[in-house]
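Hi everyone, thanks for coming. I'll walk you through one structure today, so let's get it up on the screen.

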Amino acid sequence: MSLATTPGTADIHCPVYHHDLPALRFLACGSVDDGKSTLLGRLLHDAGSVPPDALEAARRASHERGLGDLDFSLLTDGLLSEREQGITIDVAYRYFSSGHRRFILADAPGHARYTRNMATAASTSDLAILLVDARKGILPQTKRHAALVHLLGVRHLVVAVNKLDAVAWSEEIFDQVKADFLAFAKTLGIESADFIPLSALEGDMVVHRGAHLPWYEGPTLLETLERAALEDARAQGAFRFPVQLVRRHGGERRYLGRVASGTVGLGDEVVLLPSGGKAKVLALELGGAPIPRAVAGQSIALRLDEEVDLPRGGLLAHPTAAPTATRAFEATLCWFGEAPLDRRRRYRLRHGPAETHAQVEDLAPIAGLDGPRDTPDAALETNGIALARLSCGEELIADPYDTHREGGAFLLVDEATQAPVAAGMIRRTA
Amino acid sequence: MTTMLTMTTTTAPLTHLDLLEGEAIHILREAVAQCARPALLFSGGKDSAVLLHLAVKAFAPSPLPFPLLHIDTGHNYDSVIAFRNQRARETGAQLLVGHVEDAIRDGRVVLQHPLESRNRHQSVALMDAIRSHRFDALFGGARRDEEKARAKERVFSFRNEQGSWDPRGQRPELWSLYHARPLPGEHVRVFPISNWTELDVWRYIAREGLELPSLYFAHEREVIRRGALLAPVTDLTPPAAGERPERMSVRFRTVGDITCTAPVASTASTVEEIVIETLATAVSERGATRLDDQTSEASMELRKKEGYF
């Protein structure tokens, strides 16, 4: 049964306008068994976002499986194949509203084997809830998830210290987890994080404050989610328009694509890459209707004032703030392939609509993480993360991932299986 | 970035629906760029009506670069089929129809009884159409908020030569970087409105002024109460012995095979009234309307492994 198709009944008294605002996309991650399913079930339940039929189904399943009246983890219960093993394999996306804000939750697997699916969830998130079991503290998988979330550029990190009920609601233990995490986070370059003590089982500090944590004065988890700033960095960046398709109609040539960052208006001068030529914007259309200006996130058709050669994979950019074209660059590489990286092999590289082939030249470990050394035979195994130097068959029009997510992100694909084997974030071009 | 480059904009910030539309059109175009022979699954239902509208917007003013495909169970409401044909005419798209009847007639689908729901058997006719037209990509209007197997599915979801979905071996799908190439024999199902909720769909229908089959709006109909569900009384779904039909105002939240979609009690007769009702409704869409998802906790997951959409 699906969860939270629609907000709870209380919502009808709220203005509809909050449904117009962009949703906060967040993920929940952490080591396996740290209580993530229970926390998310509790969050959705206490926020009034579980439809009565789904609640009834979870109660029924709790009884059938001898788990008491209501096991909150069953509210986010997964597939048969997952239930057999009692773990989450893949990301489940859930949509809910608290009455103040809409959320798109990516419920990510904790098991190390499915790190690729956790990265899938993190790549589109604005915020991450990292779960820690207060009894166990920071585990290797906690560190890996923190690192991935940070490297993938998730702006807001919330460390939820769970199972405070199992440690007598101890402030000392909470403070210890916090100190341990901060010490580790520093080595990775994580600048800030929020810490919330809570109990998914009892509900304290998830949606309601509860009675057991009087020493904690910060916001609850839901309040943190509602207040997190949703700055649209893409709209503020310099104009980037990767060309997905070129279409001819009635003698006119249209470039189809989604504005990746910034804005563009009629008459604006743009630079065409990789050729480097310049042209002016003659027309902008959305769904066939003319518009005066387009902003990041809109999928449009664009016409230029002259006939130019700009195929799929080309890019239109702001003339004085254009990205560089390069065949070699440095990137963070997260390896997902079942087989380790083979540095003798060429992989297909997908970067926006552009494709080429690439080879990994050098590898180096990332500070704060275990990783390969830079030796000629260094390997990058499944779920490994490293700094890599790559060279490509053709020039890539790339931005650093820090400043332009879309322009700095790429995939490596094994052409024998057509499976993406690595996600890359460009650090430096040249 | 210097302030000079941060161009000031007079445009209003994008709304949630604007962003969903931008994402859906990007997905549609990406599949067309990477796949040789795509088609769009169009049943005349509200989700596929939204999908078709987005596809038209993605390629306007050029015509749609792919045909429409409908897998007809033979148990559809006439008004929905009429709407399907009307939209195909209006968009100038080629409409291909695969018939479950054909597979029943030649014995590859054997029904348990003549009135058994044919919903599940669509998989056979769908795979027939995929093979005979050599489609390598199919657009569908499925949404992740509908059901928990859908909630786990990628936007680009690969199926093997039998049409099966392998939930344990999905390709990683980061950012909006979609690698759409199937292996030989595989094809990809593409879901551009994955991230839309039922409410988003209705608000978009209102915003864009989209037409829908009349079944979606409140009308008087004979129904039978079965538990929490209302079963429509039709030639295919007659009352069982002892059941007493009632006449009431209902509307359909989903429209599919007559034998497995149930209406809900409602007096909402305009899109705006449906938006308001959807805001207030607590029961999930499939929970209220799908007779076929009630059979077991994992009905959808099992059907998808068989090649169902």
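This is a predicted model: local features need pLDDT of at least 70, side-chain atom pairs count only at pLDDT 80 or more; totals for chains, interfaces and linings use all residues.

Okay, let's start on the inside. The largest nonpolar core here has 90 residues. The ones with the most contacts inside this core are Phe26(A), Leu27(A), Leu43(A), Ile129(A) and Phe181(A), along with Trp175(B).

For chain B, the mean pLDDT is 87, and 87% of the residues get to 70 or more.

Who does Phe181(A) touch, leaving aside neighbours within four places in sequence? Among its contacts are Leu130(A), Ile138(A), Val159(A) and Phe195(A).

We've got a cis peptide bond between Leu273(A) and Pro274(A), with omega about 15°. Pro274(A) sits in the loop between β11 and β12 of chain A. Over in chain B, the bond from Ala60(B) to Pro61(B) is cis too, with omega near 5°, and Pro61(B) is in the loop between α2 and β2.

Ala168(A) has phi near 55°, and you'll find Ala168(A) in the loop between β5 and α6 of chain A. Met205(A) has phi of about 70°, in the loop between β6 and α7.

So is Met205(A) buried or exposed? Met205(A) counts as buried, because its relative accessibility is 1% and the cut-off is under 20%. Ala168(A), at 66%, counts as exposed, because that is over 50%.

Key:
Residues are numbered from 1 along each chain as its sequence is written. Chains are lettered from A and ligands numbered from 1 in the order in which they are written. Side-chain values use heavy atoms; hydrogens and water are left out. pLDDT is the predictor's confidence in each residue, from 0 to 100. A nonpolar core is a set of buried Ala, Val, Leu, Ile, Met, Phe, Trp, Tyr and Cys residues joined through side-chain atoms within 4.5 Å. Buried means under 20% relative accessible area, exposed over 50%, partly exposed in between (1.4 Å probe, protein chains only). Contact means heavy atoms within 4.5 Å. Helices (H or I, at least four residues) and strands (E, at least two) are DSSP runs, numbered from the N terminus.
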